[in-house]
Amino acid sequence: MLLKLQHVSKHYQLGDTLIKAMNDVSLEIEEGEFVAIMGPSGSGKSTFLQVASILAVPTSGSILLRDRDLTQYNEVERAKLRNKSIGFIFQQFNLLARTSALDNVGLPLLYAKVSQEDRVKRSKAMLEKVGLGDRLQNTPAQLSGGQQQRVAIARALVNDPDLIFADEPTGNLDSKSGDDIKKLLSDLHKEGRTIIMVTHEDDVAEIANRLIVFHDGEVISDTKQKSKKKKTTGKRKAK
Ligand SMILES: Nc1ncnc2c1ncn2[C@@H]1O[C@H](COP(=O)(O)OP(=O)(O)OP(=O)(O)O)[C@@H](O)[C@H]1O
Ligand SMILES: [Mg+2]
């Protein structure tokens, strides 16, 4: 078991109203799973990703990553763990505007105090992996949406994370760029990486092998599904 949520809730008090963005969610995610999260707008999908990736602190419940209880961690420990073990891909790419693709990808390594030489080497290798070896010096404005999202994926992967979270990674892309990102995510899954992805699109959800549906902050269905693509390799080595 890689990730385990036990009775996790995230509530917001707004004036007199209590908003149960996430309410008593318990689930386990195994190493190498590719999970799609679906559900209507406001059902708690992004909240779930933020809480499960320890970007946000839950109101109650516990989150275990390889049996370590992350809800006991302080802010510094959380940041460290995120930097080392978690990759996050956003709908809006979230790249630094005036910064080259190479330096955007190298950012998590900079925070992890990796030497300049290693940073360049690893960032370059990662950009080559996502098919952008010839765009190292381009800033985001000099790249298409699909290319920007590939830079963001390279950034999410550069620290070799145990877990990759993606919140509507194809939400801002045309269908051709969306297909490229789908292919890339499928390939990462075939390498044995664990991916948890929110999407509104059926054809994107289809590439995952498990579908979890949220409604009003709760899980209303959780089903295994056959990945359309063949899976070739097994698990990654634990760090
Ligand atoms: N910081 C906050 N303060 C108060 N309420 C919030 C906050 N963040 C989210 N919510 C509420 O929690 C609920 C779940 O929001 P969330 O963003 O997780 O939904 P979602 O499923 O990702 O929706 P979408 O598909 O539109 O992205 C919503 O009702 C939202 O208004
Ligand atoms: Mg959302």
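What radius of gyration would a compact globule with 239 residues have, and what does the protein have?

**Figure 1. Overall view of the predicted model.** A compact globule of 239 residues would have a radius of gyration near 18 Å, and the protein agrees, with 18 Å. The radius of gyration is taken over C-alpha atoms, and the globule rule is 2.2 Å times the number of residues to the power 0.38. The C-alpha trace spans about 50 × 40 × 40 Å along the principal axes of the protein. The protein has seven helices and 10 strands, these being DSSP runs numbered from the N terminus (helices H or I, at least four residues; strands E, at least two). Residues are numbered from 1 along each chain as its sequence is written, while chains are lettered from A and ligands numbered from 1 in the order in which they are written. Because this is a predicted model, local features need pLDDT of at least 70 and side-chain atom pairs count only at pLDDT 80 or more, whereas totals for chains, interfaces and linings use all residues.

**Figure 2. The shell around ligand 1.** Around ligand 1 are Tyr12, Leu14, Ile19, Ala21, Gly39, Ser41, Gly42, Ser43, Gly44, Lys45, Ser46 and Thr47 (C-beta atom, placed from the backbone, within 6 Å of the ligand). Two or more residues of this shell come from each of β1 (3–14), β2 (17–29) and α1 (45–52). The most are given by α1, with three residues. The shell has four nonpolar, seven polar and one charged residues; Ala, Val, Leu, Ile, Met, Phe, Trp, Tyr, Cys and Pro count as nonpolar, Asp, Glu, Lys and Arg as charged, and the others, Gly among them, as polar.

**Figure 3. Packing of α3 against α5.** The axes of helix α3 (residues 101–111) and helix α5 (residues 145–157) are 7 Å apart, at an angle of about 30°. Axes are lines fitted to C-alpha atoms, for helices over the stretch in contact, and angles run from 0 to 180 degrees between N-to-C directions. The angle makes α3 roughly parallel to α5 (under 35 degrees; over 145 is roughly antiparallel, 65 to 115 roughly perpendicular and the rest oblique). Ala101, Asn104, Val105, Leu107 and Pro108 of α3 meet Val151, Ala154 and Arg155 of α5, where contact requires C-beta atoms, placed from the backbone, within 7 Å. Six of the contact residues are nonpolar, one is polar and one is charged.

**Figure 4. Packing of α5 against α6.** Helix α6 (residues 175–190) packs on α5 at an angle of about 20°, with the axes 9 Å apart. The two helices are therefore roughly parallel to each other. On the α5 side are Gly145, Gly146, Gln149, Arg150 and Ile153, which meet Ser177, Asp180, Ile181 and Leu184 in α6. This contact divides into three nonpolar, four polar and two charged residues.

**Figure 5. Crossing of α3 and α4.** The axes of α3 and helix α4 (residues 116–129) cross at roughly 120° and come within 9 Å. The pair is therefore oblique. Ala101, Leu102, Val105, Gly106, Leu109 and Leu110 of α3 make the contact with Arg119, Val120, Arg122, Ser123, Lys124, Met126 and Leu127 of α4. Eight of these residues are nonpolar, two polar and three charged.

How values were computed: Contact = placed C-beta atoms within 7 Å.
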